[in-house]
Amino acid sequence: MASRSMETEILQLALDVAAAANLTPKSRGTSIKPTVDKLTSLSYEYGLTPDALREVLLVVCSENYLDQASLNGIMRTLYPVAKVSRDDVLLVISALGNGKAKPSLTLQAALLRWLVMVYHVLDAPGVLGQAYPVLFNLLDTGAFRPQLTHVLALITRRKHVRPFRIQYLLNLTRQTGNDPCLVGLLRVYKDYYPEIIVGEAVRGKASAFKHPDPAWRQHLDELQEAHLQATQEQMTGPRDGFRINKQIGRVSRNKAVPIVHTSHANEDSVTLEEVENVSSFVQKMDKLEMPNQLVAVLADPLLQKLLILRPSAEANQRIANWLNAVMQDIIEGEADYATLWEVLSVVRDFVVQTKSLPLLVLNFFSRFLQLWDGTGDRQCILAILSFTPFVEFRELHKNVLEPLQTAMLNGKVETQIDLVKLYTNILHHWASVLKAARPFPANGGRSITELIESASRLAVTLLQNSPTIATQSVVLALYEQAICLARDLTTGQYIRVELPPTVIINQLLFSNSVAILSRTCSYLFQARQTIKKNVESTRASSANSSMMVSTASYPKTYVARLNSHVADACNFLWRWRAFNTAGGAKGASVPTETVEALQRYIRTVDNTFTLASIASFSYSPILCKISIDCMRRLEDKEIANNPDIETRHPGPVTAAGLTRLARGGGIKLDWEKYQTSVIEALDKQGFTGIGELLRGVLATFRNKNG
């Protein structure tokens, strides 16, 4: 991306060339070639802004006194960094034909070739269609006929195919001895009207209309991408999904996937190739004919929209059959893995765009994963399977997830993280599916439970291998997604709260991150409230469905385990009773012998410190900074009102320490007020889960609210 000063310099060079082009070589004071060379060099490196492009086009599209070498150099480096405007396209069209004021025929051919190469970045491609009669009437000019027919092949739509034009092409073809470019254009016409009779004309050698210079196109795309990124601009609109990806002789990366092409059309039918914008799509949607190769939906946004709005089991079957044929070619050695991954990359784009993976396509993966050795683009596979349709989980696990894990698991933490994320993404997608399901699937609650249980086994292994903050966050995200389903008004009556294994909760409560601790406390509180609400609502409800969550869904042992985790969290943070097992707490499942050994060790290090306070606001390694900062703010506020106070608490803050502080000339602060202030400080920093749990569970807060 060129800087502002560089853009100004390029524009000035373009103006200098434009001024010199109107003067004869003898009239110029100096040679213009160095200026042209510098302009072409900078335009190749940085591209041309719309203003600079306009000035250069004005030069090449009119009669001038520049030498042919300079003009050729300019045409070779005519790289626009933004969309080519409608006015610029009309300027090029106006330069075509015979006349004294027109550029040379060689230069006209170069201009038409340039239109082909920038066709994908035209701001208003429809302007070429509006100029179709003008362009068509220039076909008798042989000097630029190959380039002109390529432009016509790109812009031809059904409305342009008329009997008089077909007849003219046939006559011109005979006169030129079956010119390949004319034969190629006739074949484009025949695509729109297969029933037209063109005799032997289309059976000869035809131009394939391949892109004139793929390397030039790639460099143009790089310049445009760099320009957008550097200026942090957004496109004037979303990707134009209301026009097919019509690429004649295309050189795209998705060669294995066919483009949209409709051959079985008649006078009354409407094809996708004729749709130019959203209005046209809406008006013609009910009449649109399906293309020959429905698998083109994988790479064409317009066809994707049509199949979303007009879903078809037959279409899904045809797509799945095509994928299976590709798979069979791989198995039989008739195609290489590069082709397979090319196809799968397009499948990924399709699935991500449509947020849907057809069941028949999922069946393809159940076959593919049985043979996959885990090499290749794993992220592509994971992205596709993230949108797995809602199915019986046992079958999904047996046919897809289990072989996927077998192929992928290699002992690396990154792979385990990817698999846990996959389960979370599937759960997220299923959540949206189940919320919209009417009626709710009979196996919905069971499949969700089985999915979370399967993911939990992976999560336990992951945290054992890598108990880092990053892995804890990944695991916690799984259960946060699960609790959202259980709390939802639509799905909550069918899906119970699934608690993480005890070992996971205990590790999360002792995380090195305040954010993880806060999210864990929030999860525990939401789980507790959701279970309580579900049980109460089912007791009051007259409905008696085996699918619905009821008191039987939460056995006493299940509820007791949740309550023990809640009690542990309160003991750690508020009550200063870490590892206490009274009142239903489990002391984070730490054995009594270990607790006693730790207590003996602590007494040898500092007899003023106790194991029971290790996870409290004042002593916890992740909370002590927040708590002492809170204490300092309370002291500063009190000292501002009473300057005579000179003594500050040395920290860490304890109930006994606050009593001594008040007696020693410090501020008078109630112990409960101090702890409440710490919770408020945590809330202000975004760690609201700790306060959410303590306020919702402890009698101290309930009595205040009452």
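Figure 1. W576 counts as buried because its relative accessibility is 19%, where buried means under 20% relative accessible area, exposed over 50% and partly exposed in between, with a 1.4 Å probe and protein chains only. The model shown is predicted, so that local features need pLDDT of at least 70 and side-chain atom pairs count only at pLDDT 80 or more, whereas totals for chains, interfaces and linings use all residues. Residues are numbered from 1 along each chain as its sequence is written, and side-chain values use heavy atoms, with hydrogens and water left out. W576 sits in the loop between α25 (556–575) and α26 (592–605), helices and strands being DSSP runs numbered from the N terminus (helices H or I, at least four residues; strands E, at least two). The phi of W576 is near 60 degrees, a positive value in a residue other than glycine. S589 belongs to the loop between α25 and α26, and its phi is likewise positive, near 60 degrees. S589, however, counts as partly exposed because its relative accessibility is 46%. Most residues other than glycine have a negative phi, and most peptide bonds are trans.

Figure 2. The bond that joins R438 and P439 is cis, with omega at about 0 degrees, and P439 is found in the loop between α20 (413–436) and α21 (444–465). A cis peptide bond also leads from G651 to P652, where omega is near -10 degrees; P652 lies in the loop between α27 (624–641) and α28 (655–663).

**Figure 3. T449 and E450 in helix α21.** Both residues shown have their place in helix α21, T449 and E450. T449 is buried because its relative accessible area is 15%, and its C-alpha atom is 7.9 Å from that of R496, although T449 and R496 are 47 residues apart in sequence. E450 counts as buried because its relative accessibility is 12%. When neighbours within four places in sequence are left aside, E450 is in contact with E392, F393 and R394, contact meaning heavy atoms within 4.5 Å.

**Figure 4. Helix α16 and the residue that follows.** Helix α16 (residues 337–354) has 18 residues and should span 26 Å at 1.5 Å a residue, which agrees with the 25 Å between its end C-alpha atoms; the expected span is 1.5 Å times one less than the number of residues. The buried residues of α16 are L340, W341, V343, L344, S345, V346, V347, F350, V351 and T354. Just after α16, K355 takes a positive phi of about 55 degrees.

Figure 5. For the 19 residues of helix α22 (residues 469–487), the span should be 27 Å at 1.5 Å a residue, and the end C-alpha atoms are 26 Å apart, which agrees. An α-helix has 3.6 residues a turn, so residues three or four places apart point the same way.

**Figure 6. R367 in helix α17.** R367 lies in helix α17 (residues 359–371) and counts as partly exposed because its relative accessibility is 32%. R367 and P403 are separated by 36 residues in sequence, and their C-alpha atoms are 9.7 Å apart in space.

**Figure 7. The second largest cavity.** The structure holds two cavities of 30 Å³ or more, a cavity being a set of points, on a 1 Å grid over the protein atoms alone, where a 1.4 Å probe fits but cannot get out, and lining residues having an atom within 4 Å of a point. The second largest cavity has a volume of about 40 Å³, volume being the space filled by probe spheres set on the points, which are joined across faces, edges and corners. Its lining consists of L39, T40, S43, L48, V56, I74, T77 and L78. Helix α2 (residues 33–46) supplies the largest share of this lining, three residues. By class, the lining has five nonpolar, three polar and no charged residues.

Conventions. 1 Å grid on protein atoms, 1.4 Å probe; cavity = no way out; pocket = protein on both sides within 12 Å on 5 of 7 lines; lining within 4 Å. Nonpolar A, V, L, I, M, F, W, Y, C, P; charged D, E, K, R; others polar.
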